[in-house]
Amino acid sequence: MEYNLADLFESVADVVPDREALVYADHPGTGAERRLTYAQLDAAAGRIGHHLLDSGVRPGEHVGLHLYNGVEYVQTVLGCLKARIVPVNVNYRYVAEELAYLYRDADLVGLFFDAEFEDRVAAVRGRADRLRHLVRVGRARTPSLDAVDFTEAEESGSADRGFAPRSFSPRSGDDQFIIYTGGTTGMPKGVMWRQEDLFFSGLGGGAPTGDPVRRPEELAERVAAGGSGLTFFPTPPLMHGTSTLTAFIGFNFGQRVVLHRKFVPEEVLRTVEKERVSSISLVGDAMLRPLIDALSGPLKGTDCSSLFSVSSSGAVMSETVRRQFLELVPHVTLLNNFGSSESGFNGTATEDSGPARGFRIRVNSRTRVVDPATLDPVAPGEVGRVAQCGHVPLGYYNDPGKTAETFFEKDGERWVLLGDMATVDADGVVTVLGRGSQCINTGGEKVYPEEVEQALKSHPDIYDALVAGVPDPQWGHHVAAVVQLREGAPSPTLPQIQSHCRTHLAGYKIPRQLVITPEIHRSPSGKADYRWAREVAMGADG
């Protein structure tokens, strides 16, 4: 046995077969929940894996998941892994050009898609020459594609675990897992992970808050020796790597994972109460604020006593919003985690992280801040880029140029150089300044949007905010704030916003432009869409 995700899941299913593994709280079309034990989920995944092999998909080929959250998503990922087929996440928000690019770039030969995406898939189907096998989840009103119904695919496949003879070679830690990322600042990129590397970097080696396992068999041994009672609830879309990895972390503990089709704050809180959820994962203020609004209003009094942690990845829970949540649910631990599709988990924010001191991270032993030119560690206080060594991806699929820019070897170790600019202090605490690609150069000074956004969101009338750089004839670029106000809040003036920000920021970081918009555009998981913010600010400036 190796550090292979399918082998590891099967080993857990063998020791707790009757334990509940997956709860789907709002099954599409019926409104009824679905509950699967580890044995049932294992068998269901096996059927999909065998269906794919029966349909001519070969080990090592790529199958896309163009799906909302659901049992079918988890079942298909596990089925692919069992058959040594590579699952590829597809962002369901993508428009035709982005979809056509991803289908081709990922060399998809198979695609599982929700019926409501049928027209979008049909529009680009002919532009993906290698795509030959389609599976439709749910019923299409007017089917336009020659696709197998998911229930038929499931019924046609065997639940047997006998994949090895059909997979040409045994599973191994070298089997791949691809996570596509990006799309708001450029076309998406596929991050290629060896499953062993992903297990240790993205899944904490089976114990994100403890000691990693020292051999693959130890994972199931720990599950057998432990108990049940924890419930993990990844609320963002599974199409974002963090949510899928959160589900796998729950499975590696032999615990229960709860899913919703989409993020609806009131339904999330009802599920927390009903299912006695232990841990929620989400993405920043865009998801935490609506939970606060619901707990303060229609869902006031919801029993959240089972909840002990809320963690965020991909966007920061601001100090103001964290304080508001803790006033309602004071016993919960709020964790701002730092990581990426290219590095997995790097660390967690310190308690004093916030507008005053910045986004401060206690990083793991494999994370450094390096000079991007020499790749040597920077001195305390100097600005560099975050890098990680050890269990890192192989590179970007089909993109040797970007792979060479991002991944390197030094002193006999593999490294990944992330886009995040940062400093490190004498104690090893890293202060993340922001993405270098979003840095605003104004009058020769560098401003990172994230720190200005934190200051803006501490204003009592601002619900959400993004910051972008707008061309300026005097300063090169100026800082523009695009904000969404709280419902019923008066519209602040630019001088009022500037006065508020001066209590948190240096003068050159103060917004010189204010744009009030009905809603901030973000991805379904809450990640910032800086391209949209820049266009809005430039349109208003013109």
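Student: How many salt bridges does the count come to here?
Tutor: Keep in mind that this is a predicted model. A pair goes on the list when a Lys or Arg side-chain nitrogen sits within 4 Å of an Asp or Glu carboxyl oxygen. By that rule, the count comes to 37.

Student: Which residue forms a salt bridge with K82, and where does that partner lie?
Tutor: The closest N and O atoms of the K82 pair are 2.6 Å apart, and the partner is E10. This one links distant parts of the chain, 72 residues apart. K82 is in helix α3 (residues 71-82), while E10 is in helix α1 (residues 5-15).

Student: Is K82 buried or exposed?
Tutor: The cut-off for buried is under 20% relative accessible area. K82 has 2% relative accessibility, so the label is buried.

Student: E10 also meets R171; how many residues apart in sequence are the parts this pair ties together?
Tutor: Their side chains meet at 3.1 Å, N to O, and both residues are buried. E10 lies in helix α1, whereas R171 lies in the loop between α6 (150-156) and β8 (176-181). So the tied parts are separated in sequence by 161 residues.

Definitions and conventions. Residues numbered from 1 in each chain as written. Predicted model: local features only at pLDDT ≥ 70, side-chain atom pairs only at ≥ 80, totals over all residues. Heavy atoms only, no water. Helix = DSSP H or I, 4+ residues; strand = E, 2+ residues; numbered from the N terminus. Buried < 20%, exposed > 50% of the residue type's maximum accessible area, 1.4 Å probe, protein only.
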